[in-house]
Amino acid sequence: MNQELGTLTEGSYYLFLVSYKATSSTTVSMRVNDTQTNWGLNLGYKYFKTDDTWRRSHIKFQATGNPITIIGAYLDSGVSKVQVDGARLYKISESIYNRIDNEEGYSGDLLYLKYPYNSFNEILGDT
């Protein structure tokens, strides 16, 4: 996967959410890169194991004002088909950015409940 999303507001905070599964067990990386730095500036990344179960992952990052690209890549050798679904990008506040992965309710499945697939607003408000 290699998808350029265009320019995001410099200094603003974002949350990328995605659901995924694969046809066999493998390790995949998902990155958000600043495309104006020749792929040199990695704004955020996650490594995750895949199998044939739908799972979720997220990346939080701060935009540089340059176009960004979402990149997915295999780390393990072998053949596997990775399916991606429900990829979405939210602009979030600095307060929420700092809570993600640091406070209860802002990681794992609880984070996804705040940002359901059919809504582009945080359910519980941005406090």
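S19 counts as buried, at 18% relative accessibility. That call follows because buried means under 20% relative accessible area. The model is predicted.

**S19 in strand β2**

- S19 sits in strand β2, which spans residues 13-22.

**T64 in the β5-β6 loop**

- T64 belongs to the loop between β5 (55-62) and β6 (67-74).
- T64 is partly exposed, with a relative accessible area of 24%. The value matters here because buried means under 20% and exposed means over 50%.
- The side chain of T64 makes a polar contact of 2.6 Å with the side chain of D34.
- The T64 side chain also reaches the backbone nitrogen of N66, at 3.3 Å.
- T64 and G11 are 53 residues apart along the chain, yet their C-alpha atoms are separated by 6.0 Å.

**Aromatic pairs**

- The whole structure holds 3 aromatic pairs. Two of them are described here.
- Y13 and Y97 form a tilted pair, 4.6 Å centre to centre, with 45 degrees between the planes.
- This pair links distant parts of the chain: Y13 is in strand β2 and Y97 is in helix α1 (residues 94-99), 84 residues apart.
- Y13 is buried, with a relative accessible area of 12%.
- Y90 and Y115 form another tilted pair, at 4.7 Å centre to centre and 55 degrees between the planes.
- Y90 lies in strand β7 (residues 82-92) and Y115 in the segment after α2 (108-114), so the pair ties together parts that are 25 residues apart in sequence.
- Y90 and Y115 are both buried.

**Lysines over tyrosine rings**

- K60 lies over the face of Y97, at 4.6 Å from the ring centre. Y97 is also the ring partner of Y13.
- K114 lies over the face of Y106, at 4.4 Å from the ring centre.

**R88 in strand β7**

- R88 is found in strand β7, the strand that also holds Y90.
- R88 is buried, with a relative accessible area of 9%.
- The R88 side chain reaches the backbone oxygen of Y115, at 3.1 Å. Y115 is the residue that pairs with Y90.

**Nonpolar cores**

- The largest nonpolar core has 15 residues.
- Within this core, L8, F16, M30, V32, F61 and I68 touch the most other members.
- The elements giving two or more residues to this core are β2, β3 (26-34), β4 (41-50), β5 and β6.
- Strand β2 gives the largest share of this core, 4 residues.
- Another core, of 12 residues, lies apart from the largest one. Its members include Y13, L15, I100 and Y112.

Technical notes:
Residues are numbered from 1 along each chain as its sequence is written. This is a predicted model: local features need pLDDT of at least 70, side-chain atom pairs count only at pLDDT 80 or more; totals for chains, interfaces and linings use all residues. Side-chain values use heavy atoms; hydrogens and water are left out. Buried means under 20% relative accessible area, exposed over 50%, partly exposed in between (1.4 Å probe, protein chains only). A polar contact is a pair of N or O atoms within 3.5 Å; within protein, one must be able to donate a hydrogen and the other to accept it, and residues adjacent in sequence count only if both atoms are side-chain atoms. Rings of Phe, Tyr and Trp (its six-membered ring) pair if their centres lie within 6.5 Å; planes under 30 degrees apart count as stacked, over 60 as edge-to-face and the rest as tilted. A charge sits over a ring if NZ of Lys or CZ of Arg is within 6 Å of the ring centre and within 35 degrees of the ring normal. A nonpolar core is a set of buried Ala, Val, Leu, Ile, Met, Phe, Trp, Tyr and Cys residues joined through side-chain atoms within 4.5 Å.
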